[in-house]
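Q: Could you walk me through reading side-chain pairs in a structure, a bit at a time?

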Amino acid sequence: MLKIVRDLLRMGAIVLCASVAAGAACAAKPAGKEPAAAVKPVGIGFAGPLANPILKSARDGALLAIEERNARQLSAAHGARPAMQFVLLEQDDRSESHLAQYTAQYFVRSGVIGVIGHWSADVALAVADTYEEHAIAQMMFTASTPQFTEKGYKTAFRLLSSSDRTAAYLAESALATLGARRVAVVANNSAFGQSLAKAFIEQMAARREPAQVVYQTTVSSKTSDFNAALQALEASQPDLILFSANALQVAPFVNSVARSKLASSLLLTGGSVNQKFSLPSGSRMSLYTLEPDADLRDCPAWKGFLERFEQRFKRPPSSFSRYAYNAANTLMEAAVQAGGGGPRLLAELRQKSYKGLSGPIAFDKNGNARNDFYTLYRNGAAGWAPLKEFSSGAAPACH
């Protein structure tokens, strides 16, 4: 990609560059000529708590997708101006609903065609009315609460499956794969944490395996103090604990359980695979996580993405990097086909199938992903290793 851009610069082509600075673009003028009016880049918003490294990695995934597409279109234009170039506008909403309202208004004023984010279901729902009013596609690459697509928004699109599907795979993992019989559920008070815990308990009750929920509690999504829950867990002696919370709260909980007297297995949810855990010597705890998407280690598309990402950002991507990369590519392809944003783009997203790193991306009438892949991982001395894969239909494209 970089070679293409350098070649085009030598030829005198105008280059518009996606920038991590909100609204910024750069242009190189042909030597000795006054160019015609520059083509205004099409804005794509990105919102989340950008102080967190995981969210930064997701932002970088979206940025890489934009840079790659801009370079391909320059190459295909043979020195002429491409019909459409894109720019990433990022905003740090700190995953706070009141700040996200200002972020959403900024995106409206900036004329973006779509937004990748926000990070949590609570925040995504808080701004969904604004995007609906202005026909701005909201591409959720994290939040899985069913309410996001159940409210009838024409602008709501979810790239990962809903928590109902996640709960079914979690229950199968807990009962059939891990053989749990005494299960505890600890959920934070976010929309995601609560909806997933509720669906998981319902799935447990609907299955024939002789298992029971021996303890259930809710903790604050802001806390790192789990002492009260740990005392109750030690008293109930579960053989498996499900922690239903977002990835940013996982490490404090894992570390708290590892220091306790519990010998339980711990089952985590999406995003945990991005974190490294080294359990204390003598710990009897086993650590598992169920992650959206297939295990892509042997996929050529993933290997190419990994190489390009590391070359561009000098660090490996997270799972959220590829989710945001898929979201940005899907949005841009739909925009090119629709000739821009607005209702035509929203209709395009619901009608077509798009290429993702692990397989086709398509949405149903409510904006839910039609296909889902999940992988159960176990943590060991060498890190996370895949244990079992789940899917709603066809196998991933690379398997």
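A: Ground rules before we start. This is a predicted model, in which local features need pLDDT of at least 70 and side-chain atom pairs count only at pLDDT 80 or more, while totals for chains, interfaces and linings use all residues. Residues are numbered from 1 along each chain as its sequence is written, and side-chain values use heavy atoms, with hydrogens and water left out.

Q: How many salt bridges does the structure hold?

A: The general idea is that side chains of opposite charge can pair when their charged atoms come close. The cut-off here is a side-chain nitrogen of Lys or Arg within 4 Å of a carboxyl oxygen of Asp or Glu. By that rule, the structure holds 13 salt bridges. Take Arg-59 and Glu-90, whose side chains meet at 2.7 Å, N to O. This pair links distant parts of the chain, with Arg-59 in helix 2 (residues 53-76) and Glu-90 in strand 2 (residues 86-92), 31 residues apart. Helices (H or I, at least four residues) and strands (E, at least two) are DSSP runs, numbered from the N terminus.

Q: Are Arg-59 and Glu-90 buried or exposed?

A: Buried means under 20% relative accessible area, exposed means over 50%, and partly exposed is in between (1.4 Å probe, protein chains only). Arg-59 and Glu-90 are both buried. Now try Glu-172 and Lys-388, a salt bridge at 3.4 Å, N to O. Glu-172 lies in helix 6 (residues 163-177) and Lys-388 in strand 14 (residues 383-391), so this pair ties together parts that are 216 residues apart in sequence. Glu-172 counts as partly exposed at 24% relative accessibility, and Lys-388 counts as partly exposed at 31%.

Q: Which residues are linked with Arg-59 in a network of salt bridges?

A: The network joins Arg-59, Asp-60, Glu-90 and Arg-315. Asp-60 is found in helix 2 and counts as buried at 2% relative accessibility. Leaving out residues up to four places away in sequence, Asp-60 touches Phe-309, Phe-313 and Arg-315 (contact means heavy atoms within 4.5 Å). Asp-60 and Ala-324 are 264 residues apart in sequence, with 8.3 Å between them in space, C-alpha to C-alpha.

Q: What about rings: how is an aromatic pair described?

A: You give the distance of the centres and the angle of the planes. Rings of Phe, Tyr and Trp (its six-membered ring) pair if their centres lie within 6.5 Å; planes under 30 degrees apart count as stacked, over 60 as edge-to-face and the rest as tilted. The structure holds 15 aromatic pairs. In one of them, Phe-226 and Phe-253 have ring centres 5.1 Å apart and planes at 85°, so the pair is edge-to-face. Both Phe-226 and Phe-253 are buried. For a tilted case, look at Trp-302 and Phe-305: 5.5 Å centre to centre, with 40° between the planes. These two sit three residues apart in helix 10, separated by about one helical turn.
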